[in-house]
Amino acid sequence: MVSLTQQPSTHPLADMIHCLESGGALLPDSPDNVLEVVGVLKSYGVVLDAYSRNLIYIAEQQFLVLFPAFKYFDGEVSLKKLLRHWWHDRINYEYAEYCMKGMLWHGGGGLDDYLDSAEFSRRTEAAIQAKVGGTPMQLLHKLFSNFLPEQVRQLAYYSGLGQFWRVMSDMFIDLSDLYDQGEVQTIADVVAHIRDALVEAAALPITYAVTIKGQTYEIIPKSVGLTFLADTALPYVEAVFFRSFPFFGTVSYNAQAHQISEKPGDFSYGALFADPLPIGSAGIPPTLLMQDMRHYLPGYLHDFYMQGLRGEDDLRVKICISFQKSMFCVTTATVLGLMPHPLDTTDPVQRQENRTHLENWMDRLLTSRLADVQSE
Amino acid sequence: MSQFLIQTSWWVPGYGLIGALLTLPWSAGLVHRTGPRPAAYFNLLMTALALIHSGALLQAVWNQPPQRLLIPWLKILDLDLSFTLEISVISVGAAIVITALSFLAQFFALGYLEKDWALGRFYALMGFFEAAMSGIVLSDSLFLSYALLEMLTLSTYLLVGFWYAQPLVVTAARDAFLTKRVGDLLLLMGVLVVFTLAGSLNFSDLETWAQTANLAPLTATLLGLALIAGPTGKCAQFPLNLWLDEAMEGPNPASILRNSVVVACGAFVLIKLQPILAISPIALTALMILGTMTAIGASLVAIAQIDIKRALSHTTSAYLGLVFLAVGMQQTDLALLFLFTHAIGKALLFMSIGSVILTTNTQDLTEMGGLAGRMPATTSSFVVGTFASIGLLPLGSLWSMLEWGDSFWSSPWLVGVLLLVNGLTAFNLTRVFGLAFWGEPQIKTRRTPEVPWTMAVPMVSLVIIALLVPVMLLQWHLLPALENINLLLVLLLISSGIVGCGLGGFIYLNSGWAKPVNLVGKPIRDTLAYDFWIEKAYRLSVVLGVVQGSRLTAWLDRYVVDGMVNLVGVVSLFTGESLKYTISGQSRNYLLTVFVGVILTFIALVWSFHFPYSIAQSLFGH
Amino acid sequence: MLSTLIWAPVLGATVIAFLPQFSNSERARQAALAIAIFTLGWTVFLITQFDISNAGLQLQETLPWVEPLGLTYRLGVDGLSLPLVVMNSFLVVIAIYSSDPKINRPRLYYALFLLLGSAVAGAFLAQNLLLFFLFYELELIPLYLLIAIWGGARRGYAATKFLIYTATSGILILAAFFGLTLLTGVSTFDYAALQSQALPLGTQIILLVTLLVGFGIKIPLVPLHTWLPDAHVEASTPTSVLLAGMLLKLGTYGLLRFGLGLFPEAWRVLAPWLAAIAVVNVLYGSFVAIAQTDMKKIVAYSSVGHMGFVILASAAATPLSILAAVGQMVSHGLISALLFLLVGVVYSKTGTRDVTVLRGLLNPERGLPLIGSLMIAGVMASGGIPGMVGFVAEFVVYRSSFSVFPVQTLLCVLGTGLTAVYFLNLVNRAFFGRLPENLANLPRVYWRDRLPSVVMTVLIIFLGLQPSWLYRWSEGTSAALGRLTPSPAISHMAPLPLIETVAVNPPEIELVSTPAFENFQHSALSLE
């Protein structure tokens, strides 16, 4: 569909741009790719469901709890569950918190701005007073006046990410159901499903309230106007897909070695960039996610993996490779969803603006694993 | 009961080993479906048991004379390698410090490494580490101590190499191992000499022997120097100091132990060796020179570091330099006290910066700032750790420094060294505090919530312990009586602390002073930042020598030795022609060839035997 | 009794070689394994029959054979040979187990392995010089063929070189044996008969030097060692395991048994030279190893270095140092066998042994993590880290040699340090770091691949923690052998001015006994 009136792009990833302009995706279409992407998104959906519930539970029920020893229990503590927890036979919620910290630390979007506002401080102070008023904690709050507000900021992100993942989880499970029914057959179908779901959820409000001693305190009221797409989805993509944190297991934190950029904006350790091979090694946090997903793989995907050279031995690496593919589909959907104009517009000005939009995104993907998912 | 406790005292190191063994299903990758955290819990449990056991043991030996426990190990011919353990208040007390800090560091790691799937391996190594260290302090045998020091070397290598896929870790682990190994081998030479001369390797026997030993000065000196080398490597003293800097590539919970008790284990062995060192005045002098150089040099180097871990790790070398001085002056009790107060303060500081690193995702001091208001546990740990490490407020180090200074009161230059190190350390710690905790937040410290309770609890516990150290010292009658306090020294110490902190505060707590601060010219700064270029010096001397030497030898081996000895011509003739059959697979021909060869040899043998034999027979007329 | 160790494998080899159903490689492997395990079981039975309080030969068997030649079939075992015989039976099992299950020409392959084991056992058991020589030569044939047929690309060259070197070794040994009988005029080659003969010192020295060169090729002594790296590089893994584990020990065993045993006075004269050669071996082997990039060459040269420790202890020739030599032989046999096994797995999975190509193999999912961990254990054992058998073996070597050859011993200690350099280099390069793309698709590692190395590692750690099990068997024999040479006075060799050592009277210490330990030791050693 590249029009004769428009010059080919001169961008280093021009092929990708042309592919997107002609309705393609960042991931080539093939039956294997569809199987891998849908299968892995299905298990991701299951895991996200658990992550999301837990994040929201922590934000709402573990508000400023000093020793949240049971924060991963979602409120139901039983001996059986405790033993399973100790045996580490559980979802690794640490990974959800890791993503939350990524969003909190990198910031961006309306949520980040709101957390520095006077309204937030006022509302937080009220909640803090309700929670710690009359306890020794109050003294601590006086001494370190930023300690508890900073914790509330973190809890706001717990909640925000939880709400974001709620939508994503449902979206991926739906996708899997549609695939099972034979209605999703190509990568383009996958992308379209995700894009439509993102667009549909774009304006969902993001709010956060806690109940303390029977009274509800709104930390993020609806009136602030935070929404799903702009204030959680995009910061999430930025923080988790693109930037993330350098892994202890692969990057030296030695200040004299200068391996880590001084600008978090230059970080490129995210899901679209990370190398899947070290998954399972020491100091590679995404291992936790892959470990969680291995329990919920659909049968067809598990069989597909078993055909590999190493069978079950390198399952997590294979999951990660598929996961990365699926994340490029999600990125495609985001890119397309954010296109300023319809893809099939014939207005040259609009086409140029679309082109610029794509080129900007491709700039970010220059050093990503885009090339690797093309070949595999 | 107390007899039972003493008889089972060898369990104390055993717990750590059992913990390490229990992690095997996870660290060896046998468990796939569930995670490695049970390994961590097992180790915590085992360390807790070790702590309880050594606590009970302390009760049992309190106010008792040291008891010795003989563990037979290897007795062959005239060689008797039995281990003796010394169960005394000091050794058991040291074991308590080690197991307690190990427990706290392992607890801390629950949070610090919560996202690390190799937790099983980490805890295995920590258990191993703890076992080796508590073994060293209980050991009354130079042989056992030497063996355990080697095990420490190994576990340091593996702990530094924990994140083995990270390029700098690879070199750091290697350098840590080789540097320590150099010291260990020299120590081994010393051990061999002592063993041969004294006939025993028990420290108590050696002490008796040393009192009457009549060694030639050269022997005594060489022996002393060899024995010093091991602790020099372990305690990161010049010239074997570089590994500690590099070892900061390893995970922080291990750094907590490494900077507090691991280095102390090296010094502990040194203290045990002191009677032998005392034979040679030159060895003692060397010890003091090394100590002084490291104490002052490392203090300066620490100030030039921008990496928060390295800024602290060099002060460890500096303080251990003071311990070397104390041993050099034959003040072993003092050295022990100093090690104790240093361990508490340094462990606290390292816990604090661990949580800083995890929260800010950087180790670069120039990128930090403004953490104080938001991280109460971390901030108070750093502050208390600082005061516990310098002579200013009446926490641990002020008292140990006071004792230190008091013992050396007669040699002013030593007191000067102490004051200088105290002042420089005070300055450095204030600098770190100012850069990391004070001032305005920078982009990487913009959102810094306090760490979760798994890390905060051990930090706060250690804060409480650090605050209680003076009370403990009082209980143990280790504080000087009020009337014996050297007031001038107190004044000097506190002033040096005040000058250091004040100057540091004036520069680094002062928002008006532009950062980064350039106190000295770039050449000096770089010299200090890069540890006096010692690494480069090594690269150009020892490393180059070994590399070139090995290349030369390999070349000689390939072209000269092989060429001359193996008659290349004959071999190539064989290979070229007749042996081509091998490739075509006709090996039966070979079999035949060889068998024919053997049979021919045999016939030749029979003939050659019979012939001379008959001659001999006829000659001798049998 | 002892003959079973020799003839059971020979019988097995014949069956495997000539029965057509064994052309199925799996079946041949199982049959060979069964025979090897039977032999190992028999060896264990012999251990229970062995009396450690008896320094002399035990379980002797004598049959007349070629009387006019002085050749009798005389077997016996003592503390010097027992550990080596046991290790031989054990390593044959390991080697056969770790053989490629789909090997070409399985009947010949497994038959040769069994014959090799049998010949080596025979050499250790032979108590007649000619019989020893026969076994010593016989063992060459299977080994030569194993290298020449199942070896690597340059197997022809390596096998021929091996054959020429070791055949020369055999000729020299034979010459020395002949010289001995000729000059003493004894009409038999029986060891015991020859041991009691006395020869002039000059003659002894000539004969001993001949033996030294002969066995020196096998050990190997620098500069007679260059066949070894070539043979190792080309040999398949199981062959390397036996070559490093057992064959080299034939050299040191021969030196102790026939060199020291028959020429004690000459030994005393030559000992300083031998100690010097030991130092050269240790340092030279280590230095060359540092410059190597082929893992097998690194391990091969490390063998050159570590056999130097055996030479050092043998040269000192005190009761303790003979014991130390035996311990070091076993220790080196186990450790080098382990290292070759591990290198073999790496090679079979990655197709290369080049440490400049290999990287990141510790990767838990796509690499060889357990093999890597065992490799770390193996190199640490080789580098003398406590807790493993290498440490205690080396320490006893140093301790026993130091009083005789202090300077040489200290120089050998340096070799331990160099061991750390090259092995750390190996581990850091091949196993640490990021797994590169070209190694990202390695075949699966099965427990079958790991089991031999795991067993070896466990054994190495066990003997490291309970070294009595290593030394007990040989105490009596070592003491007897060590008393043959009056120990050279320390003052002659000592470079350190060790003036008047004051003997220590250990202070009276209240020792608390540890019943648990003693019980363990007792129960551990109550086998006899």
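Which residues does A:Asn54 touch, not counting residues up to four places away in sequence?

Modeller: Happy to! Residues are numbered from 1 along each chain as its sequence is written, while chains are lettered from A and ligands numbered from 1 in the order in which they are written. This is a predicted model, in which local features need pLDDT of at least 70 and side-chain atom pairs count only at pLDDT 80 or more, while totals for chains, interfaces and linings use all residues.

Now your residue. Leaving out residues up to four places away in sequence, A:Asn54 touches A:Tyr72, A:Asp74, A:Tyr93 and A:Ala96. Two residues are in contact if their C-beta atoms, placed from the backbone, lie within 7 Å. A:Asn54 sits in helix 2 (residues 31–61) of chain A; helices (H or I, at least four residues) and strands (E, at least two) are DSSP runs, numbered from the N terminus. Because 22 other C-beta atoms lie within 10 Å, A:Asn54 is buried. The cut-offs are 20 or more other C-beta atoms within 10 Å for buried, 12 or fewer for exposed, and partly exposed in between, with C-beta atoms placed from the backbone. A:Phe73 is 19 residues away from A:Asn54 in sequence, and their C-alpha atoms are 8.0 Å apart in space.

From there, let us visit chain B, where 59% of the 622 residues are buried. Chain B has 25 helices and two strands, and its C-alpha trace spans about 105 × 60 × 55 Å along its principal axes. Chain B also touches chain A: the contact takes 37 residues from chain B and 47 residues from chain A. On the chain B side, helix 4 (residues 37–61) gives the most, with three residues. The chain B side divides into 16 nonpolar, eight polar and 13 charged residues. Here Ala, Val, Leu, Ile, Met, Phe, Trp, Tyr, Cys and Pro count as nonpolar, Asp, Glu, Lys and Arg as charged, and the others, Gly among them, as polar.

Helix 7 (residues 142–160) and helix 12 (residues 252–277) of chain B pack at an angle of about 160 degrees, with their axes 11 Å apart. That angle is why helix 7 of chain B is roughly antiparallel to helix 12 of chain B. Axes are lines fitted to C-alpha atoms, for helices over the stretch in contact, and angles run from 0 to 180 degrees between N-to-C directions. Angles under 35 degrees count as roughly parallel, over 145 as roughly antiparallel, 65 to 115 as roughly perpendicular and the rest as oblique. Among the residues making this contact are B:Leu149 and B:Leu152 of helix 7 of chain B and B:Val262 and B:Val269 of helix 12 of chain B. The residues of the contact of helix 7 with helix 12 of chain B divide into seven nonpolar, one polar and one charged.

Finally, some backbone details. Most residues other than glycine have a negative phi, and most peptide bonds are trans. B:His477 has a positive phi of about 55 degrees, and B:Asp531 has a positive phi near 50 degrees. B:His477 is exposed because 8 other C-beta atoms lie within 10 Å, whereas B:Asp531 counts as buried because there are 22 C-beta neighbours inside 10 Å. In chain C, the peptide bond from C:Ile219 to C:Pro220 is cis, with omega near -10 degrees.
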